[in-house]
Every structure is written in structure tokens, then in C-alpha cells.
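Subject: Structure handed over, with notes

Dear colleague,

Below is the structure we spoke about, and after it I have set out what was found. Please read the notes with the structure open beside them.

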Amino acid sequence: MAGFEISRRKVLAGSAFLLASTALPSIGWSQARKGGRLVVAADSEPRNLNPAIVASNGVFFVSSKVVEPLAEASFDGEDGLEPRLATSWEGSADGLSVTFKLREGVTWHDGQPFSSADVAFSALNVWKPLQNLGRVVFKNLEAVETPDAKTAVFKFSKPTPLQLIKNALPALTSVVPKHVYDGKDIAENPANNAPIGTGPFKFAEHKAGEYYRLERYDKYWGEGEPQLDEIIYRVLPDRAAAAGALEAEEIQLAAFSAVPLADLERISKVPGIKVITEGYEALTYQLVVEINHRRKELADLKVRQAIAHAIDKDFVVKTIFLGYAKPATGIVPQNDKQFYTPDVATYGFDVAKANALLDEAGYPKKDDGKRFALKLLPAPYFNETRQFGDYLRQALAAVGIDAEIVNNDSAAHQKAVYTEHAFDIAIAPPVFRGDPAISTTILVQSGIPDGVPFSNQGGYKNDELDALIAKAAETLDPAARIELYKQFQKKVAADLPLINVAEWGFITVARDTVKNVSNNPRWAVSNWADTYVET
Amino acid sequence: MNRAWGLLKRRLIGSIPVLLIVVVGSFLLLEAAPGDAVDAYVASVGGDAGMIEALRTSWGLDASPMTRLAAYLWALLHLDLGHSVAFSRPVLDVVLERLPNTLLLMGAATALSFALGTTLGILAGARPGSARDRLLSIGSLALYAVPGFWLALVLTIVFSVELRWLPLSGMETIASGKTGIARMLDIARHMVLPVTSLGLIYLALYLRMMRAGMAEVWRMDFTLAARARGIPRRRIVLAHVARNALLPLVTMLSLQSAQMLGGSVVIESVFSVPGLGRLAQEAVGSRDTPLLIGIILVSAFLVIVINLLVDIAYAVLDPRVGASEVKA
């Protein structure tokens, strides 16, 4: 059988130039594309592969091909969405319910039919109580009614904006099978490490430290999909390894900047390899200076303004990100089409102004040229956050602030900054996930318990901002909600609870033979149903 | 065989106090490191306060360190290595899965460096001070001075990326469906570069030691006597000088094997070999105390076994050694 397919593919490829001038039947193309194995680099092996519990990019990278959300992000779809397990969604006027119509003819990888009971179970038993992001967005979800097998009605105890629910669909609504999880300990279910979903690929095997293998699901609902037979994730922990493996053609694609920025210029010149910057628009990472407002100096707005003026954002983008980033203007990134406003206070690079502001604030330079000392904790998660730490130290020295860098590993950084608040300034890479209410407002909101990562742990409290955040959380009219978030951006930029320096997406490096790469704003964490390898 | 087994048992029992100190020490060290397993986990996935609290409870991290240490030691007494929080699997499974890879990599690298180092050392030590000796000594020192990751990267660029003779990384071809001899050959092909990178670095140790030992034996009276008796030089070199210089190398081999069991984080990372070194690094990064101690204990057990084998080798190489202990 395999031999027959290969020969057919060869025949098709051989006659492709003959057919190219004529109208090529679309069936011919899709058959020529079908099949193939895509080998990609993976740099980590998540402890739990269930995207309904752990909504993080490391998990999605593998599991989004197996377990599907209700809708996926899209460049040109309505509301920036493309239906997946849900085909339509409609909110009630009072904001207390959202009705999802579900797709027909969908089956789980174990053969059971997919129905509204699975959605209700996932929402109430997984997303709301267990999921890292869902616990916030779905906290007012009270019940999910299932009038028929293909309709799920979400009931909220408080008015919940449909806009927020829509923006949360791609990342927060991975549906897991009720019949596999019901009645057992969900957090310890073996299916968390061998997920069963409705996606285009079935989970085949995981060899710890070596690879994950996904296989084509023949009964996938998407017509003619998936194109690939198999996806292999090769675990390559060494950052230099991915570039070499691409060149040696041992892998065909490396996403999430697995190839370090410094190698991109060289590798982009290798024939047969392309460097792609698209496909991360809905996963924007932000380079942020977190500020501990418990420090008397930093509680002074003038000092925070001075720090903002001391940072040369263009230099950071050019030197640290080698141009693969944008200078930030505020707390919402520029590539967000719904909420972003450029109409906020900006802080240009101006050392003289920074010095003047610090003098004004009452912290003159002492005899040794220093005003005061700060403890600076760069997050260890990215090369770029550590490098920015080194830059910030120098930039602050230029205005007389003596910053001492404290380097920690992940666990120690998490504890020092977010639990013990043992920092003056820290560098963090929070993610903007398509709606400020998902993971952005908590960066400045007050009253967040100790220990919550990527949240306001700097002791900042601004009643006006808190009121704005609370109001936006229950404003149903999309335009009014956007307006509230524009005010929110202005207030943050004016009061500087934190300083946004740059925003970046990741880079994909792939062989030319891999097609349909980066064709949606969450490509690396989407289902790759239409991706194929040209042979 | 029975005698060796008895010896092994006695050694194991004798090492219990040491192991206990190691276990408690590692536990306290990881306890002293800032942040726990939950911190390491939420740093990568995020989460709210309720989730963090629930995780601490379900991973058993809410009890005091002393309670947890006591519970761990009690389980250990029942030969239970516990549950890895980072992998969400029994520690023993995780460790045993990686152990063969490390044993293969380290065993082959040790064999390579020992065999090649000793041979070259004999060549160098046959005529101390000769041009050949100088060349070999300088060459091996240069190799020893090269950082392991650099050598590994250069080898991969030349042999995997440019020439494409050998696979770049991994233990074997992924999902190849190979079995038996074909699979063994496939694994061997994958091991060539990592074994070479590791082996070449340690080569100098054996070469230098062999050479130095031989230079010393050359000055001894019995060597002089052998030469005076007119024994052919080749025979003097191999049977008299080299054999007498070999014992310290066996000592070195046992020390070195202990070091190598810990795995080479660098080589395992560069070549994506899932071994114990990388696992230990991950265990520390994720503050996975049971896993780290599990790795240490399994390694310690193997070191004891290897030392025993070395002692037996001593007895074979030099009848004066070891007889007393075996008898007792």
C-alpha cells in the first residue's frame, strides 16, 4: 500500500509541470499533498499535556493537534476567529448566557461521539475549577445547559461580556472527553499524558527525553484533513541543537525561537531554510519592568518616570532582540486590533530629563555619583530577559541609580518576586492573550494573593484603575468595553505601575518543503490540519 | 561468585551510614534552595492562588520539611523511592528508564578513553622523552583542555551537518521500527559522536598516568636487571614496565566511573541523549527532591558495584592486593 502511494506521488510530481499550465483539478493537489512526516523541535516535555487544565504554550505546542478548542484564532475570520468544535456562538442581551452550536459528525479518537455533554463537563469540571486561566475567566460560570447533543448554553451568575468569552475561545476552551474523565481524579488521569481529543492527530507515543509522536486521525471532521501522516516532536534541550538539526535535515521546523536570534542571520542564508516571523500575533510576549511600590523611592511617580526615560527602547529592540521586536507604548501591545490605543503618555529616551526628575524627586547624586541602590531581578525564562537585565543596570547607572543584579533560576525567581516580594525592580515576560481581562489586568490590579505569578506583586494600589478593571469586567457592550480598556491603558501609562519596554513574537525556522506554515495568529499552537511536507 | 556476592552485601551494608548522610544532605540542600516544586511549576504555566494552594497540598509540600524528610526516609526503608512531582510518575521508573542510556554512553566512553589512553600511554612511556612521547603528551593535554561542549559541537558540525556521515543527536532513529541487530547498529551509529566527545576528553588522564607510571618503573632496579639480562625491549615494555604501571590506572578507572555515572549534563544536552545527568539537572531545576535523591541513590549503588569489580580486578592484576578482605 505504502509503495503504491509513493509511486502515485512520484507520478503526480513528475507530471506536475505538464499539469501546471492547465486547470489542475483540486482533488489531484490534495492527494499529492497528503501524507508525509513532519519532524519538529521541542525544547521541553510538559508534566501535564492536558490543555484543558494547563493552558500554556508549552502544552499547546504538542496537544493542540490532539485536543481542540471551540474556536481558533484567525487572520481574516469574523471576530478574528475560525470555528472549530463550535460552529456559532451567541450571547443573551443580559450577558448571563452564551449559546454555542456544536459541530456535527465529530468523534473522539477512541470512537465515541462528541456531544454537548463533553463541553459542559469540560467547562464546569475542568476549565472553571482547574485551569490556570479558566479559573479567572469562567469564575462566574454557574451551569451549562445541554438542550440537545449539539447545543451548549453557558449560564453565568453575573453579566459576562461575550467579547471576553470570544477572545478566550482559542486558548481556554480545549474540550476533553467526559467519558474518559468523569468520576475519576481529573488532575491525575492518565489521559493527561496521553491525551484523547477530537483533533486531526491522535496521540501515539511519548518516549521521555526523546520524542512525542502523533498520528493522523482518519475520521477527523475536517474534509481532506489532516494532510500529514505523522508529526514527531524531537526533544532538543540544547539551544544550539535546533539550528544544526535543521541544517542536517533531521528536523524540518523549529518554532518558538528554538533557533536563537543570534543564529537567524546565518541560517536564513542556508539554501532550503526560511525564517518566518508571522504566526505569533495572538501570543505577544511583553518585556516589562516590574516595580516594587513598597520601596519609598519607587512609590514616587517621578522616580518611575525617570526610569522610563532612562531606557532606550530602540536600543533594546535593535541590540537585544536584533530587530525581532517592537518598542512598546503601553500595557496592550500594538498588534492587538481590538483594544490598543497609541494615545497614551510616552517616555522618550532622555537621560537629562531622567536626571532632572530624580533631582526633583529629592534624590540628588551623592559624592560617588549615585543616588540610591536597587535590587534588580531579571526573569530567567528567556535569554532576552536576562540580557535586558544587564542593559537596565547600565541604563540606570547613567542616571545615578545603582542596580544590583540578582540572578535566580525559575523556582527561586518565582518565590523571590511573586511570593516574598524580595525585589525592587524585576524583569518579566507576561503574555497578552487577546483580551486584557485574561492575563493583563492582573499585572496592575490590587488585592491579588501572594504567590500568583505574572501578577501585581509590587504592592501597587490605584482605586481608579481597580474600578475601571471591575467595570470593564461586567460591561457587555463591546464598544463601551473597548473604550474602558483604552482609558485603562492611558491610566497605566500615566501612573506607571510597571514599565512596558518592548513586545515580541517568536520566530519559526522551517525547511522550504513545509507548507502552510504560520497561516493563523496562533499557528505554532494551532492544529496544523492543513500543514504538509512537499516531497 | 558467592564470595563476591557476600562482599557486595557487606559493602552495601557498610555504606548505609554514608548513603544516609547523602540522602539527608541532598534533601536539606534542595530544601535550602529558594522556591519549591510548585514554584518551579507555576513559573512555567502560571496560575492563581487557589490553584497554587491545591497543588502544594496534592504534591505533599504543605507539611514541614522535617515531617516530609521523616516520611521520605520511612518510605525509603521500605525500598520505596517515592513519586517524582516533576514527572508525575514513580521515581524508580523515571530513573531506570534513563539508566541504560547513561550506562551505555558512559561505559563506552570510559572504555574508549581507557583503552586508547592506556595504549597511547604505553607508546609514550616506552621511550620517555622521545619525540613521540612529547607529541602524544602535548596532544592529549590539548584535548583535555578543550571544553567538552565545544568539541561536541565541532564534531557535529563536521560529521553531521557538513559531511552527514553520522546522526546529529538522539539515541536512535525515531520510530524506525528497527529491531534486533539493525536497532543495535542504529544505536551504535548514534553513539559514535557523543562517545568520542566524552572519551577524547578523558583520554589524557589515562595517557598521562600511564606514561608517568612507566617513567617511574623504568628507573627501578628490576627493570635495570631485566635489561641487563638481555630481555628484548618490547617484552620489557609490555610485561615489566607497563604491567607494573597499570595498577594506579585501575584505581583511576574506579574513581572516574563514579564521576561518569553522574552523567555528563553537557554532552547529554548537546546530543539530546536522555541520560541521568540531564535528569539530575531537571530535578534540581524543578526542585524535585525525591527524583534527585533517587538518582543519587541509584548512582551510589552502581558505584559500590563498580568498586567491587575493580577490587576483584586488583586481585587478578596483583595477587598481593585484596586477598585479606576476600578471606575475611
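Which residues of chain B does the UniProt annotation "transmembrane region" cover? According to that unreviewed entry, the annotation covers residues 12–30, 103–123, 135–161, 187–207 and 291–317 of chain B; UniProt positions are given here in the numbering used for this structure, feature names are shortened, and annotations may be inferred rather than shown by experiment.

This is a predicted model, in which local features need pLDDT of at least 70 and side-chain atom pairs count only at pLDDT 80 or more, while totals for chains, interfaces and linings use all residues. Residues are numbered from 1 along each chain as its sequence is written, and chains are lettered from A and ligands numbered from 1 in the order in which they are written.

Two of the annotated spans can be described further, with helices (H or I, at least four residues) and strands (E, at least two) taken as DSSP runs numbered from the N terminus. Residues 103–123 of chain B are 100% helix and 0% strand, with end C-alpha atoms 29 Å apart, and residues 135–161 of chain B are 93% helix and 0% strand, with end C-alpha atoms 30 Å apart.

Leu205(B) lies in helix α9 of chain B and is buried, with 20 other C-beta atoms within 10 Å. A residue is called buried if 20 or more other C-beta atoms lie within 10 Å of its own, exposed if 12 or fewer, and partly exposed in between, with C-beta atoms placed from the backbone. Leu205(B) touches Gly117(B), Met252(B) and Gln256(B), leaving aside residues up to four places away in sequence, where contact requires C-beta atoms, placed from the backbone, within 7 Å. From Phe114(B), Leu205(B) is 91 residues away in sequence, yet 8.8 Å in space, C-alpha to C-alpha.

In chain A, the unreviewed UniProt entry places "domain: Solute-binding protein family" on residues 81–428, a stretch that is 30% helix and 23% strand. An open sheet of four strands in chain A has the order β4-β5-β7-β6 with antiparallel pairing, two strands being paired if DSSP finds at least two bridges between them. Its edge strands are β4 (86–91) and β6 (141–148) of chain A. Five bridges join β6(A) to β7 (residues 151–156) of chain A, and Leu141(A) has Phe156(A) as its bridge partner.

Also in chain A, ten of the eleven residues of helix α7 (residues 162–172) are buried, so α7(A) is largely enclosed by the rest of the structure.

Finally, the contact between the chains takes 44 residues from chain B and 41 residues from chain A. On the side of chain B that touches chain A, α3(B) gives the most, with seven residues.

With best wishes

How values were computed. Contact = placed C-beta atoms within 7 Å.
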